[in-house]
Amino acid sequence: MPNITLSAVSKSYGGGDHAVKNLDLVVPDGAFMCLLGPSGCGKTTTLRMIAGLEQPTGGTIAVGDRVLDCVERGLYVPPEKRGMGLVFQNYALWPHLSVRENVEFGLRMRKVPAPERRARAEAALKMVHVDAAMDRYPSQLSGGQQQRVALARMLAVNPSVLLLDEPLSNLDARLRLEMRAELKRIHEESGATIVFVTHDQLEALTMATDVAVMSDGELQQLAAPMDMYARPANRFVAEFVGSPPMAIVDVGPSPAGLAGSLLRHVESRGAPERPGGVGIRPEALRFGAPPASAWREEALVEAVLPAGSSWTVRLRILDAELYALSYTPVEAAPGDVLTCWTDQLHLFGADGARMSSWDAAEVRA
Amino acid sequence: MAVLTKTEPPPPPPKRRRMVYRLRVLRHDPTAALGLILVVVLAYLVVAPLVAVLSDAFRLQFGDEVHAGQQPGEWTGYYLWRVFRSQISGLLFWEPLLNTVVVAVGTTLFALLLGGGMAWLVTRTNVPGRKWMAGALVIPYMLPSWTFSLAWLTLFKNERSGGQVGFLQAQGVRTPDWLAYGALPIIVTLGLHYYPFVLLLVGNALRRIDAQLEDSARILGAPRRTVIRRIVVPLMLPALSSAVLLVVGRVLGTFGTPYVLGLPADYRVLSTGLYQSIRDRSTGVASVIATVIVIIGVLIVFTDMRLMREHRRFVTVGGKGAMDRLGDLRRWRWPAFALGMVVFAVSVLVPVLTLLLSTLTRTPLDLSTLTLDYWFAERLPGAVGFPHGVLRGSEVWEAAWNSVRIVGLASIICAVAGLLVGYVVVRGTAPRIAAFLRQVSFLPYLIPGIAFAAASLSLFAVARGPVPALYGTTFLLILVMAVTHLPYSSRSGIAAMMQLGREPEEAAQIAGASWWQRMRRIIFPIQRGALVTGVVLPFISGLKELSIVVMLTTTGTELLTTLSIGLVDYGYTQLANAVVLIIALLSFTMTSLTQRLTKSSLASGLGG
């Protein structure tokens, strides 16, 4: 099965406003690709363009050698001929058809003979564990069941590309957790290429094989989830991925306080150039005896927020407030002064892009 | 592993290439084409008649060359002069205008008083039997508006207009002209027909007022009376103003009642004046009057919309604290009940029983002359134009069949067109077409029916281009009736499609369904319910419709309503009453059946 290729895809509505700007993206065959970003970043538009429900104003979309959209060459394949699957955020089950009829619809359109249709619909419903509700109508199902039927409806036609538009956002927390595991399993069983749209970074990190972060219609970073977490390509990705978010301290022309302390440290560690901002992830801030190479500073504890398995601590370090996330109990009270340290700093240039030269320098040091 | 490549932004593709792509897309998605067809058809059916009537008002018609001193077809102000400034303009225009204003104001006040009072009674008090009353008091609106005028004539008619006299006159009580004909009876009978309208609008608003708003005022120390004056009434203003303007708008376009009760005493209003001008073949004058009616109608609706918009800023009706507690009338409970019963009796029982009894007696309501002849007799002596009982002979059956056929077809066209308009609007692939469709399908709402009929007559009476003269064809009746009901059906079509959203269709598209398959298997089946109501509501209102069709029917295309008016013209009281009773029965049964089946309230069908 082939890759999905988007090259120089743009989409604008009427005037100059671009929903998607010059997007280049390759979804490898068999990948579970997550399009991640805040609402309005163009991720759903991108998904709908792949499905053919919206048309790009420029660029080419292809699956393997098959060009689906090419504005420049005037090529277009309508959604009904693309043979993809799409699960909508609101499921979009047809209320006048039973669950079975909903799932059989796509097979009927493909002129699959009745006995086979029946068998495949049942198999798809079994796969998502709603085969017991086969003869009911969508309005008689719970939200989670409707979600599964919507999924089964697409799985029944066995599409090589499955598109999911925030399919979990209308479920409650427990169901969402369950469906995440379920989707991962379905991905492995069906072998389909999945493109998944979400604004929930946790969803992206837990399920995807590849994450594409978008903002303002532009691709910010495309990487494997853990790579993205460890090495965010720019300040936007760094602040969007991770919870609580990474703190980024601006380094001005004459840095004082925390910024000054951080700058002195990275310069002493051989930073190749002066950074515009230094980022610290909350879980990278530790307490206790620091290793020799780590940055360290005295911190005043302002509040301790225990959450069962983790402890969030609000700290005042020099002139700044930072959050630290610890997975071991923090024995401190407000007013205490602790030594905190970290050996994982993220350096961003004045343009906001990650200073990749620092990564190399840090490893060497 | 995913691959990320950064390239310089390429120049936007050349316009021609983009056009090729757009056309490819359009070929696979007929929505835009469908929208375009609808635009052309609606523009022709809605906009073209208005243009035609306007041009008729300013072009010299055949036959007026001598008076105007111009050639036919030339631009002229002759008709403007004739209608507004000439010696007969008083008769043609100013007097009917004044009468229209008098009738409109009188009817509105009467309806407001009756409807408002009853609304308060059934929504805010513990009057006995209020649930029943709320339903029963709406019945007058289900009857054709001129039912009441025929009942009035049956009771009060004097010898002035020929034919049989009314009940009172037959009993030896002389009924003066002012009681038998003209402003007073028109105001009373129209008021009796339109007060349910006020009742529904105001009642709904009263029901939705948040009780917390009143409670807050009470807690702050306002006495009951102040609460009503300072809180309730201001909150009711939008509903009240809406009710007023809509009643005025409807009175402006109503034809049957002023025709039956006004003309015998030469009491003319704009609608009957327009009708007479058309009957007199003075097309130019008729076009000017029609244009004036259109302008007034448009002004009324715009005023209403504007007021609504202004009110919306502070109106906080709705929400959870809806009023459910009822004021205790204490010792006024039973008198209030009696009042409600009197209103019910006067607006439903008396007119219907009068009509029924009149058809069963030779001398109206004289029980010693009981007979079934007017319904069943093979031969009726004395009635030359209709020499047998209504259920004998072919006239009524043919008219009924015409009504069902014409109104039915119009309603089906209307419902399907409404849903298609909704489809194009919601699909959103052609935003400009959608916006135009929305507006143009709403346009007939602004235009009183009789004026729109006159406009359609201007356009279709003669052959224009490839379109043959349609006057006298059932086709024209179907078209005009469908177009005048389009605002309601397109509004409900848009609402139904909005509620559905585009996703169910998109899901089918993804599943591989072609446009036809999507329409046939997804959209229309899901919208079956909306489609049924979309057919039934225009059907009911079309069955009672007179103002729109009265100018368009000919001998071959007689409808029940026009047949009944024709019988009034002949002076066959009993026969005319019998036909109206048939219409009333049909419309009442269908309305209550629909309400029961769809659980929809009549209010939503009023378009108010």
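A: In chain A, among contacts between residues at least 6 apart in sequence, 66% join residues at least 24 apart. The model under discussion is a predicted one. Chain A contains 10 helices and 19 strands, and buried residues account for 45% of its 365 residues. Taken along the principal axes, its C-alpha atoms fill a box of roughly 75 × 50 × 40 Å. The domain assignment of chain A gives domain 1 (4–233) and domain 2 (247–364), and the C-alpha centres of these two domains of chain A lie 39 Å apart.

Pro244(A) itself is placed in the loop between helix H8 (235–240) and strand S12 (247–250) of chain A. The second detail is Ala8(A), whose phi is near 50°, a positive value in a residue other than glycine. Ala8(A) belongs to strand S1 (residues 4–12) of chain A, and it counts as partly exposed because 19 other C-beta atoms lie within 10 Å. Lys111(A) is found in the loop between helix H2 (99–109) and helix H3 (114–127) of chain A; with 8 other C-beta atoms within 10 Å, it counts as exposed.

The account now turns to chain B. Its secondary structure comes to 28 helices and 0 strands. Of the 608 residues of chain B, 48% count as buried. Among contacts in chain B between residues at least 6 apart in sequence, 75% join residues at least 24 apart. The C-alpha atoms of chain B fill a box of roughly 105 × 75 × 50 Å along the principal axes. For 608 residues, a compact globule would have a radius of gyration near 25 Å, and the 27 Å of chain B agrees with this.

UniProt, in an unreviewed entry, lists "domain: ABC transmembrane type-1" for residues 97–304 and 400–594 of chain B. Residues 97–304 of chain B are 77% helix and 0% strand, with end C-alpha atoms 21 Å apart. Residues 400–594 of chain B are 76% helix and 0% strand, and their end C-alpha atoms are 20 Å apart. The domain assignment, for its part, gives domain 1 (30–59 + 388–601) and domain 2 (104–317) of chain B.

How do domain 1 and domain 2 of chain B meet? Their C-alpha centres lie 25 Å apart, and 34 residues of domain 1 of chain B are in contact with 35 residues of domain 2 of chain B. On the domain 1 side, helix H2 (31–58), helix H21 (449–460), helix H26 (560–570) and helix H27 (573–598) of chain B each supply at least two residues. The largest share of that side, 9 residues, comes from H27(B). By residue type, the side of domain 1 of chain B that touches domain 2 of chain B divides into 23 nonpolar, 9 polar and 2 charged residues.

Leaving aside neighbours within four places in sequence, Leu274(B) is in contact with Ala286(B), Ile289(B), Ala290(B), Ile293(B), Ile450(B), Ala451(B) and Ala454(B). Both Leu274(B) and Ala454(B) belong to the largest nonpolar core, which has 283 residues. Together with Ala212(A), Phe197(B) and Val579(B), they touch the most other members of that core. Helix H19 (residues 395–427) of chain B gives the most to this core, with 16 residues.

Another residue of chain B, Leu201(B), lies in helix H11 (residues 183–208). Leu201(B) counts as buried because 26 other C-beta atoms lie within 10 Å, the threshold being 20 or more. The C-alpha atoms of Leu201(B) and Val416(B) are separated by 28 Å, and the two residues are 215 residues apart along the chain.

Finally, the two chains meet. Here 32 residues of chain B are in contact with 33 residues of chain A. Helix H1 (15–28), helix H23 (503–510) and helix H24 (515–526) of chain B each supply at least two residues to the side of chain B that touches chain A. That side divides into 20 nonpolar, 7 polar and 5 charged residues.

Notes:
Residues are numbered from 1 along each chain as its sequence is written. Chains are lettered from A and ligands numbered from 1 in the order in which they are written. This is a predicted model: local features need pLDDT of at least 70, side-chain atom pairs count only at pLDDT 80 or more; totals for chains, interfaces and linings use all residues. Two residues are in contact if their C-beta atoms, placed from the backbone, lie within 7 Å. Helices (H or I, at least four residues) and strands (E, at least two) are DSSP runs, numbered from the N terminus. Ala, Val, Leu, Ile, Met, Phe, Trp, Tyr, Cys and Pro count as nonpolar, Asp, Glu, Lys and Arg as charged, and the others, Gly among them, as polar. UniProt positions are given in the numbering used here, feature names are shortened, and annotations may be inferred rather than shown by experiment. The radius of gyration is taken over C-alpha atoms; the globule rule is 2.2 Å times the number of residues to the power 0.38. A residue is buried if 20 or more other C-beta atoms lie within 10 Å of its own, exposed if 12 or fewer, and partly exposed in between; C-beta atoms are placed from the backbone. Domain bounds come from an automatic or database domain assignment. A nonpolar core is a set of buried Ala, Val, Leu, Ile, Met, Phe, Trp, Tyr and Cys residues joined through C-beta atoms within 7 Å.
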